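Dear colleague,

Please find below the structure that I am handing over to you, followed by an account of what was found in it.

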Amino acid sequence: MFKNSGRYNSKNIIATRTAIYKDDAIVALPRFKPGVPATLAKISLKDPACQANLVPYPCWSVQEEGTCSALQNAVDLYLDPQNILWVLDTGVVNTLTEPERKCPPKVLAFNVMTGKLVKTVELAGLTSPMSRLQYVVSDYSPDGRVFIYVSDAATRAILVYDVTSGRGYRVVLPQAVTIGCTRRDVLYLGLLRRSDGSTCLVFTYLSGSRLFSVRTEHLRNGSANGRIHDLGPKPRKMVILGTDNGSALFFRYEGESDVYRWDATNPFDAQCFQLVYTSTECSLATHVVADYRRGRMRVLESNFPDYMQGTVGCGADQALSLMILLFALLAGSLFARTNTEVLETLAQWPLLDFALPYDREFLNQYRPENVVPTGITIGWDKIFITVPRLRAGVPSTLNYIPRNLPLGSSPQLQAYPSWDWHSAGRGDLNCSQMISVYRSMIDRCNRLWVVDSGVMTSIDDFMPVCPPKILVFDLRTDQLVRMYTFPRDVLRPNTLLTNLIIDDVTATTCDDVFLYISDTAGPGLLVYDGATDKSWRAVHASMYPHPDFSTYRIGSDTFELLDGVVGLAFSARLGQLYYQPLATDRLFSVPTTALQAGPAAFGEQLPVTLVGKKSSQGLALAVDPRDDTILFSPLTETAIASWQPQTNRQRIMAFSPEKLQFVAEIRWAERDNGNFWVLSSRFQKFFRREVSARDINIRIMRLMPEQRPLKHEILNSYNQPPFPLHFYNNTLEMRCLWWTILVVAAVSGSPTFEKLKSIYSWKALEFAFPSESARQIAIQSGNYIPGAPLPIDVDVYNGVDRYCGNPQAYLGVQIDQCGRLWVLDTGKQGEQLICQPQLHVFNLHTSKLITRYKFPKDQFKENSLFVTVVVDVRDADRGCKDTYAYIADVTGFALLVFDYRHSRSWKIYNNLFYPYPPYGTFYIKGDTFDLMDGILGLALGPVQNGDRMLYFHSLASRVESRVLTSVIRNYTLFHENAEAAARSFVPFEQQRSSQSAAEAMDRNGVLFFGLLSDLAIGCWNSKHYPQYGDPNNEILITNPDTLQFPSGLKARTHLFKFIIITL
């Protein structure tokens, strides 16, 4: 019927654009010529036939010409991260023969999971009769709004449409972008993502001489004037083919079959272009897209020139080919493929099986679905497998299997050295035995070193039951020959020891070694000196997890884990310890001489070097001692890669989406001719409680020495000086400190501010003791040390406070509009927790304590430090009962909410409360120090429509975030799930110029905040500029002497002033 009516002509059908969803490819079939029955179709990638079967998508009724609710001519499509397919329909058919407008232009949005049409965006109001619409991309703003951008080549414009609000506008590009263009040209678009989560639009005309970009936030704000960046000249005419949804752009030159890749983190220069694909003879690529299920890029290619000239014979030749590359979603680093035959599977299990003793309790406690290994060690006759007690149900935490096993077998695990050491598996906890071991290592004296974390169920409820310790077993006798229990002063309340390195470079005896041990949850390194039997801690900002990298993607699975330093590797020749947190894309190193030098003095630098940036997060690290090559395994890419730092030689050693889903360990096996052994698991399945006993979930493999050279960069090495970072300490050096309380006065409605005025200042705080003798007694008893008290916060009240009490340590204070003073008592003296943290509320009219609230024990940790409080009163004229207080736990990385009416509180966790490792070093007027503090600054916005915004930031951060108080005031939402409503906490796209401590917002919506490195107070008008950050922020006042560390700030708009306390 279609042939007889002329509605089907195979010669006139060609696929030019595609999107991949799971096992299907959805293709655009533009109606360039008559005879195209469906302009959008679906192809199964699982079809073994060479001839693709095109199925109209989503159905035939959406393909009807002349029906304006249907598709007329689909020229481009874009699949967004929420699995919404955006299809650009020009409304004009037969564009290469006799163009005919059937309907106005539009964009249709389909949910590819259901095939349903979810949105139609009419573009008629944004176009003119001469418009020529060609490409569409979609993007989401930080607050969740969806935007689409459409190129209009004829009018030199980008159409911007806010789908959420239903409004659109045109952004006209400057004349310079058309230099060298022909009359009918092509305007290409490409959306690139930056490492900070922001996006930019890259664009160019085919005949244009240069490539340009613009940040999408400027497009969303409706103006690109002065915001367009000239990236540089193009060597010749470029056809933009697509992106990897990260920082990589793919293109080819006009008329040529070679496909190139450019990573936007590098300069736009031909030296940075990488040849990644060559089309078959007579074919040209028209689109490059990501295929997530296969971890590859796909190339859509066809004999497009023959099609244009009408010489295609029976029909156009088209192929959707796999580009022989892996891709990283955000980092943009690509790998060349190698054969997976280099992976030899030695042992594999659906779930681990144990040779349990004749003890019913072991069997009763055993939960195989909770048992996942994290480490292997290769001995002469045994393979040691460590299985930490991440969840309940692990029989034994240190085990072995024999080496002489058939390949691919599934042996039972034997407890090492015997079941007597593993009574925790039957529910009996004994600190002289093993509790939970993550990894072990064999030294040159054939002794097995084991680090016992002492923590049970570390994923679910983190129960430290015994002090962590080192155990050393002689493998000839299987007897314990040495044990060391870590002293409390080197530990943190949430210490979790997960990995170890033995450094015996200078050893003269078996015991004369150094151990470097990773503390993943209390981020840092523990150093153990075997000769002196002593240990100490080294901490650095780079050892902390980065909140932006706490979400992991492995195949179609995602999960979150905010883990610090865990991956360790050692180069004996270079004297370098390499390390990486799990939640980062960076690799770092530190000289072992610095670690061996003992506890660092306050202010002393730990010379850490940024080695490079990986394509995604990873856990396992290893160094080949023969040439110091570093091996690592990026999780998203399901591969093992190597990089030689001296020669920059890179290669893929193995790639397998099936076998390398979560590589927990890579070990160079001296006892196996220097082969590399690999432990992999489907950890994400165990973590999400989705593991299936029908699948192979755990493998021990060996890398055989078959490798191909890598052509494309994986690890971008940096030639930089070491980080100027210091030993971490939560105190400040007591030299020449000067504290000042300042008042800045403003005339209401005026943009100008008066001179910064000091109200009080001290070199050292002095107190009004009842008498001089009482002062001397306090000094002699140590209850008062002149120069030690440090003011943190301030507020002002026109009254007298006569209350005397016995607090432990007040940090945050706030006076509300009901005349009440809210005071936070941390409960600490120094580092020691003496009492539960408390909230005291005083009536300033009567100087009486009216409320004293002790926070429940499950809402704080031993290392918690409650430092900031802001008070939210909604009924100041009706009794002041509807009051909530929001409290920042700066070291517990949590937000506490106190409900005054019901005298109850709840805790909230969110990744945005954590410190950001790149900003853990502070530079203040020539001084440098490290401080990895989390959420600190809190500020309340004015009430709007019955709600108000809470703004917040971490100290070690330049990011400002916000959340509606209606969300966090919801007790039902959080009292059983502290991590609820994670997406309600939203960071702004832009950042401050430096870190900030205190902040406050006035009733007009102006946020004031300290800028530590700038020695200034900044401000942001939220009413006039909705987006926080440069360039919308302004420097209000700068003073190098009095604004070195603004730690407390209160806006008092009824006085037209704000009050600052600085250190």
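Asp529 lies in strand 40, which covers residues 524–529; helices (H or I, at least four residues) and strands (E, at least two) are DSSP runs, numbered from the N terminus. The structure is a predicted model, in which local features need pLDDT of at least 70 and side-chain atom pairs count only at pLDDT 80 or more, while totals for chains, interfaces and linings use all residues. Residues are numbered from 1 along each chain as its sequence is written, and side-chain values use heavy atoms, with hydrogens and water left out.

Asp529 counts as buried because its relative accessibility is 11%; buried means under 20% relative accessible area, exposed over 50%, and partly exposed in between (1.4 Å probe, protein chains only). Leaving aside residues up to four places away in sequence, Asp529 touches Val513, Phe514, Lys534 and Trp536, where contact means heavy atoms within 4.5 Å. The side chains of Asp529 and Thr532 are joined by a polar contact of 3.2 Å. Such a contact is a pair of N or O atoms within 3.5 Å; within protein, one must be able to donate a hydrogen and the other to accept it, and residues adjacent in sequence count only if both atoms are side-chain atoms.

**Salt bridges**

A salt bridge is a side-chain nitrogen of Lys or Arg within 4 Å of a carboxyl oxygen of Asp or Glu. By this rule the count is 50. One of them pairs the side chains of Asp511 and Arg447, at 3.0 Å from N to O. This pair links distant parts of the chain, 64 residues apart: Asp511 is in the loop between strand 38 (497–503) and strand 39 (514–519), and Arg447 is in strand 33 (residues 447–452). Asp511 is partly exposed at 31% relative accessibility, whereas Arg447 is buried at 9%.

Arg667 and Glu665 also meet through their side chains in a salt bridge (3.4 Å, N to O). Arg667 is buried, with a relative accessible area of 12%, and Glu665 is buried, at 4%. Elsewhere, salt bridges that share partners join Asp443, Arg447, Arg482, Asp511 and Asp533 into one network.

**The protein as a whole**

The protein has 8 helices and 80 strands. Of its 1063 residues, 59% are buried. Among contacts between residues at least 6 apart in sequence, 53% join residues at least 24 apart.

Yours sincerely
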